[in-house]
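Take a look at the model before reading on.

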Amino acid sequence: MKLNGKLDYLELSATGCTLDSVKSFYSAAFSWSFTDYGPTYSAFAEGLDGGFQADADEAPAKPLPVIYSENLEETLDAIESAGGTIVKPIFSFPGGRRFHFTDPAGNELAVWGH
C-alpha cells in the first residue's frame, strides 16, 4: 500500500553510458534485475524502487527523489504554500502523473500519483 508523503521512487540518469552497460553493472555488482519500458527506460525494484533514464532529454542531471501523493493537485498547492517552486507542472507518463519542484535549498524532487 502506498503511503502519502513517503519517499517512493528513485530515478537515476544513465546518459554517461549505454542503458545496457548500466544494467550489466548493477546486475553484476548487486544482482539487480530490471524491467524494460521501451528503449530508453529500465526499472529496478531493489529495496527502494527506482529506474535509469537513458534519454538525454528526459534524464535528471542528479538523482531525482520521487514522492508518492494520493492527490497531486493538493500536494502541488501545499508545496507552493510552503515555499517550493514548481519547475515542471503536472504531466502524464506511463503509469500515472507527476510534477517536479525545487525546495528552498534548490534540490529538485518529483511527486507522482495515479
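The model is predicted.

**Pockets**

By that sorting, the lining of the second largest pocket splits into five nonpolar, three polar and five charged residues. The lining has 13 residues, and Ala61, Lys62, Pro63, Leu64 and Glu108 lie nearest the centre of this pocket.

The largest pocket is lined by 20 residues. Tyr9, Glu11, Tyr41, Phe93 and Pro94 are the closest to its centre. Which strands each supply at least two residues of this lining? They are β1 (7-13), β3, β4 (48-53) and β6 (85-93).

| Pocket | Volume | Lining residues by class |
|---|---|---|
| Largest pocket | about 580 Å³ | eleven nonpolar, three polar, six charged |
| Second largest pocket | about 220 Å³ | five nonpolar, three polar, five charged |

**Aromatic pairs**

The structure holds eleven aromatic pairs. One of them joins Tyr26 and Trp32. Their ring centres are 4.5 Å apart and their planes meet at 20°, so this pair is stacked. Both Tyr26 and Trp32 are buried.

Phe34 and Phe44 also pair, but edge-to-face. Here the centres are 6.4 Å apart, with 85° between the planes. Phe34 belongs to strand β2 (residues 34-36) and Phe44 to strand β3, so the pair ties together parts that are ten residues apart in sequence. Phe34 and Phe44 are both buried.

Which residues form one aromatic cluster? The members are Phe25, Tyr26, Trp32, Phe34, Phe44 and Phe52.

**Ser42**

Ser42 sits in strand β3 (residues 41-46). Is Ser42 buried or exposed? Buried means under 20% relative accessible area. Ser42 has 0% relative accessibility, so this residue counts as buried.

The side chain of Ser42 makes a polar contact of 2.8 Å with the side chain of Asp36. Leaving aside residues up to four places away in sequence, Ser42 touches Leu19, Lys23, Phe34, Thr35, Asp36, Gly51 and Phe52. Among these neighbours, Phe34 and Phe52 belong to the aromatic cluster.

How values were computed. Residues numbered from 1 in each chain as written. Predicted model: local features only at pLDDT ≥ 70, side-chain atom pairs only at ≥ 80, totals over all residues. Heavy atoms only, no water. Helix = DSSP H or I, 4+ residues; strand = E, 2+ residues; numbered from the N terminus. Buried < 20%, exposed > 50% of the residue type's maximum accessible area, 1.4 Å probe, protein only. Polar contact = N/O pair within 3.5 Å; in protein donor to acceptor, adjacent residues only side chain to side chain. Contact = heavy atoms within 4.5 Å. 1 Å grid on protein atoms, 1.4 Å probe; cavity = no way out; pocket = protein on both sides within 12 Å on 5 of 7 lines; lining within 4 Å. Points joined across faces, edges and corners; volume = space filled by probe spheres on them. Nonpolar A, V, L, I, M, F, W, Y, C, P; charged D, E, K, R; others polar. Phe/Tyr/Trp six-rings, centres within 6.5 Å; stacked < 30°, edge-to-face > 60°.
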